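Have the viewer open as you read.

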Amino acid sequence: MKNTATEVVPAEGGLGNDPLLAVDNLHVEFATRAGLVKAVNGVSYTLNAGETLAVLGESGSGKSVTAQAIMGILDMPPARIPLGEVRFRGTDLLKLKEEARTQIRGQRIAMIFQDALSALNPVFTVGWQIGEMFRVHRGMSRRDAETKAVELMDRVRIPAAKQRVNDYPHQFSGGMRQRIMIAMSIALDPEVLIADEPTTALDVTVQAQIMELLAELQRESNMGLILITHDLGVVADVADKIAVMYGGRIVENAPVHDIYRTPGHPYTKGLLESIPRVDQKGQELYAIKGLPPNLLDMPSGCSFHPRCPYRQDNCVTDVPELYEINPTRNSACHYWREVLDGTDG
Amino acid sequence: MSDIRPAGPPHPETEHDATGQAVAVGTPEPPPDVKPAKQGKPASLWSDAWYDLRRRPLFIFSSVLILILLVIAVFPQWFSSVDPFNAATCQLAQARNPPGSAHWFGTDNLGCDVYSRTIYGARNSIVVGMSTTIVTAIVGGLLGLIAGYRSGATDTVLSRTTEVFFAIPPILGALLILAVFRTGNVWTVMLALAVLAWPMTFRIMRAAVIMAKNQDYVMAARALGAGPGRIMFRHILPNAVAPVIVVATINLGGFIAAEAALSFLGVGIQSPDISWGLMIADARDRFLEAYSPLLFPALFLSVTVLAFIMLGDAVRDALDPKLR
Amino acid sequence: MAPTGDPILEVRDLVKHFPLSQGIVFKRQIGAIKAVDGVSFDLHRGETLGVVGESGCGKSTLAKVLMALERPTSGSVMINGKDMAKARGGDLKRMRRNVQMVMQDPYTSLNPRMTVGDIIGEPYEIHPDVAPKGERRRKVQDLLDVVGLNPDHINRYPHQFSGGQRQRIGIARGLALQPEIIICDEPVSALDVSIQAQVINLLDRLQTEFDLAYIFIAHDLSVVRHISDRVAVMYLGKMVELGKDLEIYDKPAHPYTQALLSAVPVPDPEGREQRERIILQGDPPSPANPPSGCRFRTRCWKAEEICAEEEPLLQIRPGTGHESACHFAETHDVVHAT
């Protein structure tokens, strides 16, 4: 095998018609004191250049763990990846040496996190931290790196970037810190950007600013964007396609318009129906009953069956495969036809 | 890892939906309420910690050692037929005998049995260690609770006071205090050590209280109209006491060592009372002629101190896994 | 749910400033964070007043002042005609029975060292005359049942419950003293999406069952809209708009309300390219040093000279049917605009 990432992973196109990023049958387990936690159980999705994939799920669904596996930032142990592939332009990242992965991580696949304050180092100026990308990966001088940092801060629209480049993270507001994180992540023009709940900690007006910024940056550079969130509103606004996760599996994936018009899985349907709507004022909201699954003690068969209004006997015993509804969408429900038709179980 | 639910007992089987009707959410078959009992795992955080402790070899090893030492301290006559306080048992003619069948650990400079003196010496060590720990925990803990809870001037005065104590070199301070008392015995040694050691407990308690008092459940209690007593003792103390217990256990070993040091220096426990430190001091001059009068009390001292420090480590791991 | 009769809660010119001081020995005040700066409103029996606004707007401080966890700097909080801001000792303790709260974080709001029975029963220990000792356990079990938990779980500890269930425990504690007013400070924002609707339905049902008045503080505007009869919008310690839910959502008059509503992502991708978006620039100014006149003027696209000179009062303005605090108030439906 060759040593550098650029040689291992082709810069453009890749082999034949490989997508930019493909997660294939990924499994992730954690060995905890309480037992083996199967956080991700066979997740597959693909991402093309210029595309926004939203991964929707609640806490414990495995959406962040999948992203950490793609980035190669899981702590192993306790984490283990017993099965699966993460193909970046056709090359399986999980088989690469750590050295080669380091070349890809941060440079070609970058990630931003929910909590920008704890992701930034409090004892260095933001200019130094943004510039570090250029110093470490591009071998630039301190002065050049700082110039680059100012350029990037301008690009993520931090006002008075030149004056603020030597400020420390705590001197910025939450929204501005998230912009600094974005600046660091796009510094080396990554091909894939993973945003893990990038706006959850922010106010709605700031959220709107950040989402607009991300969309603009994506248009400019044709990045593939994976947006991990639990917010159905944010997803509807920016996503091209959606993968819905529940209990470590993808339960539905589909283009954004299809999923909101005709959800193909009872969980997605339940989530959409539980959003308060204007015409439901004064009525009881639709609520998915029961509790999210306990990862240490997953229900048998379909992990959603204890909460599902469509449940039949075989849901308790058989794990549903990801059925193909049509070439662009899938649902992991034995009764996806009934769900699509809207007939209640 | 952020996406993983904290590992705890499984969720209860039934969850009522919003209309108050019970809905089975688990597998339908098992009756409600079997799950939490199933693993036999206790519920409160204290019993969780106890459950955790019982499975630690370090804890089992150190507590067996400590248990033996406690029995020795309370009932030394069970372990030695010789009463070392009876001067008749010492025979100068037998001085500095090596270990043998008559005297297992040999005899000292005055011909006294080292074994029985070592056994009887355990009591003073344990008494000083435990009583100092209890006094510092109560005094330091209470003052720390008050300072942390009240903050403001009370806190400032108490915190500055502890800083004065921190500035005193411990051995020098103890020498001074014992010089004031003029007599060295178990209780004056305990007092001297407690006077110097309470500020440490105070600091730890104060920090834990400040952390606990800003929790939402304290605000909830205030919103219900709870008075300061209830908030301090019912809400803050139970949530702040764990680090104090850990430090107290570790310190216990330290106090035992400190007592030995003071007795060794001649200001602690005085002859004819027995102390390991005193025995070491008496034996050091003729060490090359007879090693056993020094070796055995020193060995007992080290094992005792080590046992308490190991116990403290195990307790810390169980109470606060984050510190590991 | 329709509000009836006299208000049970009247808040007038409520101000809460947190002093900023310098120096260790001789403290000297160098300024103040104006967290709540002149807020007035009424709350009627059985009514829900939604309070929305971004972090730092003072909504959580407002909740604390209303709970008497913080003393107001000035102004009054009249509960059934008595001023809670002036009450002390036993009087205050009695008044607290009438106002209870549900907190945001179900993980930190329950004492981990107490059983569920002790947590829900604590109100009775603090106010022993509400329930005689022998009845308390039964009352606690009734409350567990009311909030949809198994009454047999009375001896369990909080960590044995999930987030949604813990929130129900918090609600049961709030109900124990049979208050007329419950202040809900972001009661669902820490919960999983699929659990939020359950808790909102529970709060809704309890309101009808016990004729409760809610002050519902949240940043999720769709949830606030669903549960509220009236909505107040706060910005930098002031109420900038107050009206019936329909008035606020369909005919917002204040530019800030319009920007806030348009920033909320709509969970429907249809027509997202055409949707009108008012994206505010920058961050809110510091509450320690708010702008003169209208506090929103630094981010407002309508701002003119008068906005810096004269503070707009919260009042009904020409062309609008509800109170707003803007010199250029003008209704504009941003939610349905395409």
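## Chain C on its own

In this predicted model, chain C is built from ten helices and twelve strands. Its radius of gyration is 21 Å, close to the 20 Å that the globule rule gives for 338 residues, so chain C is as compact as a globular protein of that length.

How much of chain C is buried? Buried residues account for 52% of its 338 residues. As for contacts in chain C between residues at least 6 apart in sequence, 65% of them join residues at least 24 apart.

In soluble globular proteins, nonpolar side chains tend to be buried together. Here, the largest nonpolar core has 282 residues, and A:Ile226 and C:Val233 are the ones with the most contacts inside it. Helix α9 of chain B (residues 228-264) supplies the largest share of this core, 16 residues.

Which residues does A:Ile226 touch, leaving aside neighbours within four places in sequence? Its contacts are A:Leu47, A:Leu53, A:Val55, A:Ala67, A:Val192, A:Ile194 and A:Ala195.

## Where chain A meets chain C

This contact takes 35 residues from chain A and 31 residues from chain C. On the chain A side, the elements giving two or more residues are α9 (204-221), α10 (232-238), α11 (256-261) and α12 (266-273). Of these, α9(A) provides the largest share, six residues.

Sorted by class, the side of chain A that touches chain C comes out at 16 nonpolar, twelve polar and seven charged residues.

Terms used. Residues numbered from 1 in each chain as written. Chains lettered and ligands numbered in written order. Predicted model: local features only at pLDDT ≥ 70, side-chain atom pairs only at ≥ 80, totals over all residues. Helix = DSSP H or I, 4+ residues; strand = E, 2+ residues; numbered from the N terminus. Rg over C-alpha atoms; globule rule 2.2 N^0.38 Å. Buried ≥ 20, exposed ≤ 12 C-beta atoms within 10 Å, placed from the backbone. Contact = placed C-beta atoms within 7 Å. Core = buried A, V, L, I, M, F, W, Y, C linked by C-beta atoms within 7 Å. Nonpolar A, V, L, I, M, F, W, Y, C, P; charged D, E, K, R; others polar.
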